[in-house]
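Please open the model in the viewer and keep the selection panel at hand.

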Amino acid sequence: MPQQDFAIGVDIGGGSTKIGLVSAGGDIVARRRIVVDSSDGADAIVGRYAEAIRDITAAHPQERPLGIGIGFPGRIHPDNLSGNLGNIPALDDFPLAERLGELFSLPAQMENDGTAAGLAEAMFGRDRDAQRLLLIAAGTGIGVSLTIDGKPFITSGGGLGNAGQLIIHGTEGQPCRQGCIGCLESLASGDALNGIARRYCAEVPASALAARARDLGREADASDVIVTAFEGDPAARAMLTDVGRWLGRGAATWAQIFAPDVILLGGGLSAAGDMLLEPLEKEARACGLDMYLAPVRFSLASLGNEAGIIGAAAQIFLANKP
Ligand SMILES: [Zn+2]
């Protein structure tokens, strides 16, 4: 059997960082999960990451990685070695890729986490036959990435700029947490759905959603909306329909700019499955121009949480392609 290539994928997430050894076939053959404290300094974080990488490579001596790929939840600088505006302040503008690369004498680079997820779907997902694959990652925020012929299409910040901040509605001038006014993310992200759920529970304390939150002893959030909707609650289903419709307007707009043949819905909210995807697709087709929307296949992302690690490693495979 020919020797397979491997790469290390480092997926820096909200609550934790996942590090894995990934094969060129897209399989994660070993993994570690690391929780860093928001007060940790960059050197301490590098030390923790390096320990996990050493651990994994020592356990797999036959599988010498080609390099280290990092998925970073923020903007990436043009050198693909560092970024900023992520969720770990110590890593802002810190040359993380360079440091990890030096420690292991391996090439290392960094990409935006949304771009990583899109690349993973384009290389290894169910819809990998797509020529132009647009991924909408609806999680805490909304990330949008585009892969053309298997390569990430970058406009700025290591991705499609801030495409999730599509300006789409009127407000009383209230900025979103990123600072823009009237964006899609403020209507259709996990954060937005958390707010919708909380306001609804305050208004309708006798609802199934409010009862669930009381049972759990906390405020309702997007995950409760999804669970309650699966149980058949019409109010929770209506919330998902609304969010799906807003995402559909975004999808129609991005389709008219980028002409994708596949639009995937991923991220935490995609756990709602067809309850979110169906209104999304219906609204996109109703609102957008047929010449752009008719060729599009709408589908759920297929790699789930794994997409982050796989996509982080996949940038190394891409860099090594002849
Ligand atoms: Zn915004």
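The stops below pass from the domains to the core and then to a sheet.

**Before selecting**

Residue numbers start from 1 along each chain, as its sequence is written. The model is predicted: local features need pLDDT of at least 70 and side-chain atom pairs count only at pLDDT 80 or more, whereas totals for chains, interfaces and linings use all residues.

**Stop 1: the two domains**

Colour residues 6-119 together with 306-319 as domain 1, and 127-300 as domain 2; these bounds come from an automatic or database domain assignment. Their C-alpha centres are 27 Å apart.

Next, select the boundary, where 13 residues of domain 1 are in contact with 15 residues of domain 2 (contact: C-beta atoms, placed from the backbone, within 7 Å). On the domain 1 side, at least two residues each are supplied by strand E5 (75-76), strand E7 (108-112), helix H3 (113-124) and helix H11 (306-319). Helices (H or I, at least four residues) and strands (E, at least two) are DSSP runs, numbered from the N terminus. H3 gives the largest share of this side, five residues.

**Stop 2: the nonpolar core**

Select Ile70, Ala120, Ile136, Val225 and Ala313, the residues with the most contacts inside the largest nonpolar core, which has 93 residues. Such a core is a set of buried Ala, Val, Leu, Ile, Met, Phe, Trp, Tyr and Cys residues joined through C-beta atoms within 7 Å; buried denotes 20 or more other C-beta atoms within 10 Å of the residue's own, with C-beta atoms placed from the backbone. Helix H8 (residues 234-258) contributes the largest share of the core, 10 residues. The core lies between domain 1 and domain 2, because both give residues to it.

Now centre on Ile136. Leaving aside residues up to four places away in sequence, Ile136 touches Ile142, Val144, Leu247, Ala251, Ile263, Leu264, Leu265 and Gly266.

**Stop 3: the five-stranded sheet**

In what order do the strands of the open sheet run? The order is E3-E2-E1-E4-E7, five strands with mixed pairing; two strands pair if DSSP finds at least two bridges between them. E3 (28-34) and E7 are the edge strands, each with a single partner strand, so one side of each has no neighbour in the sheet. From one strand to the next, the twist averages 20° (axes are lines fitted to C-alpha atoms, for helices over the stretch in contact; angles run from 0 to 180 degrees between N-to-C directions).

Then show H11, which lies across E1, E2, E3, E4 and E7 and runs at about 135° to E1.

**Stop 4: strand E1**

Select E1 (residues 6-12), which pairs with E2 (residues 17-23) in the antiparallel sense over seven bridges. A hairpin of four residues joins E1 to E2. Ile12 is opposite Thr17 of E2, and Ala7 has Val22 as its bridge partner there. With E4, E1 pairs in the parallel sense over five bridges, and Gly69 in E4 is the bridge partner of Gly9.

Finally, inspect both faces of E1. Phe6, Ile8, Val10 and Ile12 are buried on one side, and Ala7, Gly9 and Asp11 are buried on the other. Seven of the seven residues of E1 are buried, so the strand is largely enclosed by the rest of the structure.

Note on methods. Contact = placed C-beta atoms within 7 Å. Buried ≥ 20, exposed ≤ 12 C-beta atoms within 10 Å, placed from the backbone.
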